[in-house]
Amino acid sequence: MSASLEKGVNALKEQVDSTVASFFSSCVHCGMCSEACLFYTETGSPTSTPINKTEPLRRIWKSEYTLLGRIGKMFGLTAKVDDALLAEWETVVYDNCTLCGRCSMVCPMGIDIALLIRKTREGMAAAGHAPEDLIGATRRAVTIGSPMGVKLPALMAQIKHVEKDTGMTIPLDVVGAEYMLLLSSMEIMNFPEFIEATAKIFDKAGVSWTISTEAFEATNSGIQIGVADIAAELVQRIVDAAEKLQVKTVISPECGHAYMAIRWDGPNLVGKPFSFKVRHILEVLDEFRQDGRLKITGKETQRLTYHDPCQISRRGGVIEQPRNLINMFSDNFVEMPDHGKMNWCCGAGGGVSSNERADEVRLKVFQRKKDQLDAIKPDAIISACSNCRIHLEDGLEEYNMDIPLLSLTETLAEHLAD
Amino acid sequence: MTNKKDKSLLDKTGLEKTDVNRTLGEMLRSQGVSRRSFLKYCAATASMMAMSPAMIPKIAHALESARRPSVIWLSFQECTGCTESLTRAHTATIESLIFDAISLDYHHTLQAAAGHAAEEAREAAMKENFGKYLLVVDGSIPMDNPGYSTIAGISNYDMLMETAKGAAAIIAVGTCATYGGLPHANPNPTGAVSVGDLIKDKPIINVPGCPPIPVVITGVLTHFLTFGTIPELDHIGRPKVFYGQSIHDRCYRRPFYDKGLFAETFDDEGAKKGWCLYKLGCKGPTTYNACATTKWNDGTGWPIEAGHPCLGCSEPDFWDGGGFYKSISMPTENITQTAIYTAAAAAAAGVVLGTMNKSKKNSAVAAHNKTSIDDLEK
Amino acid sequence: MSEIEFLNWVRGQGFQIAVIIFIAGVIIRLAEILLLGRKANLAEAKGSEMSSGLRTIITRSVPDKSTFQRSTFTVVAGYIFHIGLFVTIFLFAPHILMFKDVIGFGWPSLPTPVVDALAVVTIIALLAVLTHRMRDTVLKFLTTKEDILVWMLTILPLITGYMAFHRIGMTAPTLLAIHILSVELLLVIFPFTKLMHAFTFVLSRWYNGAISGYRGVES
Amino acid sequence: MSDAAIPVTGAIKFNIQIGDELTHNVKPLLHEIKHALDNLIETGKSTIIDLRSIPLAPGEEEKILNTLGRGEVQAQLNALGLSDVSETQYAGVWIVTHYNDEQHVISRFIEVTTMPEILCSQTEDVMKSYSRLTLDLGDNLET
């Protein structure tokens, strides 16, 4: 069965619950969310006003779930959702929003606009109005197992390299391990150092861990494109592997939306609580720090700042941990203006980076991050999301800025005491 | 007391004929009234008509040459309170001059004559002064069943229409005659209407009040007598000189309203201190009358000065304002009960609509087709 | 219809109709929202929904520094007219009498000149808000007919109330009646427009705080 | 209430505590009198103020009268009831009070003038008295 308007409308109807209804009932059109969104502040385009991005869902709520809207619908007065609307909204919803959720923090009425946009995407995708590139990435994630098309042999090759470089053995499919590490395709392809760093830290900390050869991919294109069924399928693979290996904790790697997918959306997608815990790698590392398992040596003297990946800090709740960890190896840590839960998005999350059509706007809105960086002029930027990292590198290059990007886990590993 | 005060009126109504062609000035002189006394009379008249003292010479001149008009007074559905009020105005030398100056040819409460003789007096006055007499009406006119109020077998309606024909002008005295008053109050069992509701082709001066302030009645009579014209009227036919400002605007307790100092009950500290009576239901803010300056009982006081809120008696439908002790910002109906019933009904309706919402959502969920990767393209 | 009859109607039947529509509308709208319900969150909680939700109901009244700097006008003008509306509606002695009559209890009022001055400030703030709405690109883009209607029916009772208090242009009973009628119009449209935010902001802020708080973030 | 310069209206006194200058009409009125005096000096024009046309709280009329005080002239007319005409302590400011024959105040004016008109003998009355005197003298001669 192919995508259709009917399916899209039905999907939107499914999305409406008491939160959606109270959010739409509360909007007063004050426009403050626009100032919270880098896609507006850097482009000046009013269509990028966050609440405007929810229009298809709002129309369904209004016409199906309100008294006046239903009466209006009978007389053809309530605005309808049709293909033309969805086509017009496709770029608004996918290319000009990273689901960063900054608008949700600013709205004086407390509307979780990012949640509404996420829900809007469900209808857009079901109606066949998702970007081609995102559909492609999702197809690869479902059929190959990775949005970037990374297959097991590629991972094995990287693991071999790491094992060769370090002389350590990377534990694969170890039943009963305490931790099961997930990886993002980007880490496998672009930042294999992450595997090495993690292996070192876990080794020093003396904990048992493993990587599943059946479910190593952490990313979830399903939640980016907005198809809960696919997102659930992808989560289920991890759940199956974790249950098979009987691990206590699944670790989400340095990837924003992967954490959202497995930690917060996961159990709700598959419809039952997990039998294991899910933690972000930074949470695990901070636990090690608290338990005294991390012995650090040497301090970075360069001016370091931390870029909060939206899905990990603002939407994920991991805010203090990276700061605790950085302070272990740095005595020159500076915060950007608007950091932590109010940090500005790099501009490439929520599927934007997988969507070539959005390349131009993604680099344009990087201006926001540039302004933030210009305010403190750091020597290096630490982040905890490969996607942020790649885009930050892109952006810095575009704006002729020469600031190196560091992975928090990797930098920490470099400072491990022998 | 009443007898004494009514004396000169009664004198006038004993069908005693005076020469209507003499001017007031001539009449006064013939009675030996000095020019100085006349000036005093003019000053008092100016004050009574709420006119500027600068008008005194004009008034003197006008009164000099004024002629005695014939006055016919009809009382319909009323309580005689207006006549009582008028006789209170007729207390002493100065004001009595005004009544000396008119020929009250028919007033069934005050005149000595009764029955056929009385009606003959009315008919005679109408005939003699056709087109020139002044018609004063108090009381409302029942339109439902004429039997509710008749005089000498003539229905109020018939008598009014007949007498109005030859009137130069009509003065409707009291809220009943001007706006229907108490008889008109909901549910208006007699179908009471005002003079203005029935007569459209004569100048009507409305002098509302329940009763009107005595000097306002005489003031209007005097104006007609002095200038032979009707005073400037507001949009509901009231002379602006007396009804131009609201009680609230002229009230000496207004500063307390502005400061937010209110008597909450009739015996609290606020009441003792003379604070604003708004909360006790004062209708001053929506009532136009001269009480605050003219006052009652020979200027000794007025309701608010006595510590009682204004009832708004000079306004139409003042009986139906939700109660004399209900503040004008309060709803007139029992809203609390309405609100409770509404809330209960709405809660039920809300549950129905909410359940419909929920089931609509559930059927959308049920209609969900699992979306696979192949379903994302059209 | 005489002006006092008109006044009596708006104080009587008119008010009753308005109150019925208002109460019924608000309750139905809230039921419509709440009975939709929402699924329980199956993810392991990191914080309390309830305490975080309650916190956000309060804290969302104050914007963070950066947001304040970016939306200074909206925040300041918004604060002014909301406080102004609150004071003029709830702290004006004649209004309190009305509430007392309907709900059975009252509370102290502010001196009339204070309310009077605030009414002017509120009218000015609302005019400024509309001007801003007409000139700002985003607001112009977002503005619907409903926004304009709501704006008009919000400022109308203020203007008519001011006129009634100062007796400008018409006789006092007519002014008062028009003022009450304008409030009744506001009550009638209230449940079916964005004015509902006066009630639903509690829900939406609570949900926002709960969603964030569940993940251990103070929103 | 303290003793007013001129007995005030009304036998009934309400136990109402009033603040100073409740209606805020007392001071402006006194200022108006001042301006009227100035006008009298400059142009010779008289001014008459009708006290009944001004809303006054209980006691305020007394306050005005107390402030103006008593002056050198006090006259009483007997014309259609009594009238009091008295100059206040401010020469040129007169209080004219008309009573009816039941001793109720029917009107009260503040006149700012050199001599209230009502005190002057009126030409008409003078003429009348001339003819009457002439007549009286004639009668006497005859008897």
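User: How many helices and strands does chain D have?

Analyst: Chain D has three helices and five strands; helices are DSSP runs of H or I with at least four residues, strands are E runs with at least two, and both are numbered from the N terminus. Read along the sequence, they follow the pattern α-β-α-β-β-β-β-α.

Residues are numbered from 1 along each chain as its sequence is written, and chains are lettered from A and ligands numbered from 1 in the order in which they are written. The model is predicted: local features need pLDDT of at least 70, side-chain atom pairs count only at pLDDT 80 or more, and totals for chains, interfaces and linings use all residues.

User: How do you know which residues of helix 1 of chain D meet helix 2 of chain D?

Analyst: Two residues are in contact if their C-beta atoms, placed from the backbone, lie within 7 Å. By that test D:Val26, D:Leu29 and D:Leu30 in helix 1 of chain D meet D:Glu60, D:Lys63, D:Ile64 and D:Thr67 in helix 2 of chain D. The residues of this contact divide into four nonpolar, one polar and two charged. In this scheme Ala, Val, Leu, Ile, Met, Phe, Trp, Tyr, Cys and Pro are nonpolar, Asp, Glu, Lys and Arg are charged, and the others, Gly among them, are polar.

User: Is the crossing of helix 1 of chain D and helix 2 of chain D left-handed or right-handed?

Analyst: It is right-handed. The axes of helix 1 (residues 26-43) and helix 2 (residues 60-68) of chain D come within 10 Å and cross at roughly 35 degrees. Axes here are lines fitted to C-alpha atoms, for helices over the stretch in contact, and angles run from 0 to 180 degrees between N-to-C directions.

User: Why is helix 10 of chain C described as largely enclosed by the rest of the structure?

Analyst: A residue is buried if 20 or more other C-beta atoms lie within 10 Å of its own, exposed if 12 or fewer do, and partly exposed in between, with C-beta atoms placed from the backbone. In helix 10 of chain C, 14 of the 18 residues are buried, so the helix is largely enclosed. In chain D, 32% of the 143 residues count as buried.

User: What span should helix 10 of chain C have at 1.5 Å a residue?

Analyst: The expected span is 1.5 Å times one less than the number of residues. For the 18 residues of helix 10 (residues 172-189) of chain C this gives 26 Å, and the end C-alpha atoms are 26 Å apart, which agrees. Helix 12 (residues 193-205) of chain A has 13 residues and reaches 18 Å, close to the 18 Å expected. Just after helix 12 of chain A, A:Gly206 takes a positive phi of about 70 degrees.

User: Which chains share the most contacts?

Analyst: Of the four pairs of chains in contact, chains A and C share the most. There, 48 residues of chain C are in contact with 49 residues of chain A. Helix 11 of chain C gives the most to the chain C side, with ten residues. By class, that side has 18 nonpolar, 17 polar and 13 charged residues.

User: What makes up the side of chain C that touches chain B?

Analyst: In this pair, 38 residues of chain C are in contact with 44 residues of chain B. Helix 2 of chain C supplies the largest share of the chain C side, twelve residues. The residues of that side divide into 25 nonpolar, nine polar and four charged.

User: How do you know that chain A and chain D do not touch?

Analyst: Their nearest C-alpha atoms are 46 Å apart. Likewise, no contact joins chain C and chain D, whose closest C-alpha atoms lie 16 Å apart.

User: What domains is chain A divided into?

Analyst: Chain A has domain 1 (5-130), domain 2 (135-290) and domain 3 (304-414), with bounds from an automatic or database domain assignment. The centres of domain 1 and domain 2 of chain A, taken over C-alpha atoms, are separated by 32 Å. Their contact takes six residues from domain 1 of chain A and five residues from domain 2 of chain A.

Notes. Left-handed = near helix turned anticlockwise from the far one by under 90°.
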